[in-house]
Each structure stands twice: as structure tokens, then as C-alpha cells.
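Below is a short briefing for a reader new to this structure.

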Amino acid sequence: MKKKEYSKDDLTIVWQPDLCIHSAVCFHTLPGVFKPRDRPWVQLDNGDITAIVETVHACPSGALSIKPLPSELPPVENLVPEKAKVKLFENGP
């Protein structure tokens with residue numbers, strides 16, 4: 001399986017394009033960081049680390065992940081919403 005890594009300091013975002021369902025959660029949440037039309041499309045210098053971590057954990061397909069989670073950030077359990085939300089879109093992913 002293909003994967004790409006994007007790093008800044010002690011934060012590394014892993015993207016697995018084969019898992020991506022193009023839900024657009026990442027670039028709708030942080031359009032300054034996740035820019036699908038640019039190369040590289042993940043630009044970690046353009047966002048707050050905590051917001052980036054929260055956005056990555058909101059990825060519904062798991063195509064985006066973090067390796068390793070920086071020690072100064074809260075544990076993943078604290079970033080997961082209490083209830084999952086599902087939206088259906090006509091002709092959507």
C-alpha cells in the first residue's frame with residue numbers, strides 16, 4: 001500500500017491515498033494545511049499542531065494518521081467526539 005509522510009518538528013502526518021474516500025473533512029476543516037491542488041498537498045507550517053491532530057483524527061477513512069503522536073498533546077481518546085455523525089450525499093463518496 002502506498003503512503004506518504006509529511007513532517008514538521010516532532011509531528012509526522014501519514015497519508016495512505018489508497019484508503020482515501022475524498023470526504024473532504026481535512027481541507028474543509030483546515031484549508032491552509034490540506035491543499036489538494038498544491039504540491040506538497042499537506043503544508044504543516046500553515047496550521048496549529050493541535051488543530052492538525054484533531055483534523056487528522058476526524059478523517060473518516062483513516063487515510064490520514066499521525067506517527068508518532070507528540071507527547072505534549074492530549075491522548076487520542078480526548079480528541080474523539082462522543083457521538084459519531086454520518087451524512088449521506090447524493091452521488092457522494
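Among contacts in the protein chain between residues at least 6 apart in sequence, what percentage join residues at least 24 apart? The share is 50%, where contact means heavy atoms within 4.5 Å. This is a predicted model, in which local features need pLDDT of at least 70 and side-chain atom pairs count only at pLDDT 80 or more, while totals for chains, interfaces and linings use all residues. Residues are numbered from 1 along each chain as its sequence is written, and side-chain values use heavy atoms, with hydrogens and water left out.

**Overall make-up**
- The protein chain has 2 helices and 3 strands, in the order β-β-α-α-β along the sequence; helices (H or I, at least four residues) and strands (E, at least two) are DSSP runs, numbered from the N terminus.
- Of its 93 residues, 30% count as buried, meaning under 20% relative accessible area with a 1.4 Å probe, protein chains only (exposed is over 50%, partly exposed in between).

**Nonpolar core**
- The largest nonpolar core has 18 residues, and Ile 13, Phe 34, Trp 41, Ile 52 and Leu 64 have the most contacts inside it.
- At least two residues of this core come from each of β2 (11-15), α2 (49-57) and β3 (64-66).
- Such a core is a set of buried Ala, Val, Leu, Ile, Met, Phe, Trp, Tyr and Cys residues joined through side-chain atoms within 4.5 Å.
- Beyond its neighbours within four places in sequence, Ile 52 is in contact with Leu 11, Ile 13, Leu 30, Val 33, Phe 34, Leu 44 and Gly 47.

**Helix α2**
- Ile 52, Val 53, Thr 55 and Val 56 are buried in α2.
- These residues lie on the same side of α2 because they cover an arc of only 165° around the axis, taken from the directions from the helix axis to the C-beta atoms.
- The buried residues of α2 pack against β2, α1 (25-29) and β3.

**Aromatic rings**
- The whole structure holds 2 aromatic pairs; rings of Phe, Tyr and Trp (its six-membered ring) pair if their centres lie within 6.5 Å, with planes under 30 degrees apart counted as stacked, over 60 as edge-to-face and the rest as tilted.
- Trp 15 and Trp 41 are edge-to-face, because their ring centres are 5.1 Å apart and their planes at 65°.
- Trp 15 lies in strand β2 and Trp 41 in the loop between α1 and α2, so this pair ties together parts 26 residues apart in sequence.
- Phe 34 and Trp 41 form a tilted pair, with 5.7 Å centre to centre and 50° between the planes.
- Ring pairs link Trp 15, Phe 34 and Trp 41 into a cluster.
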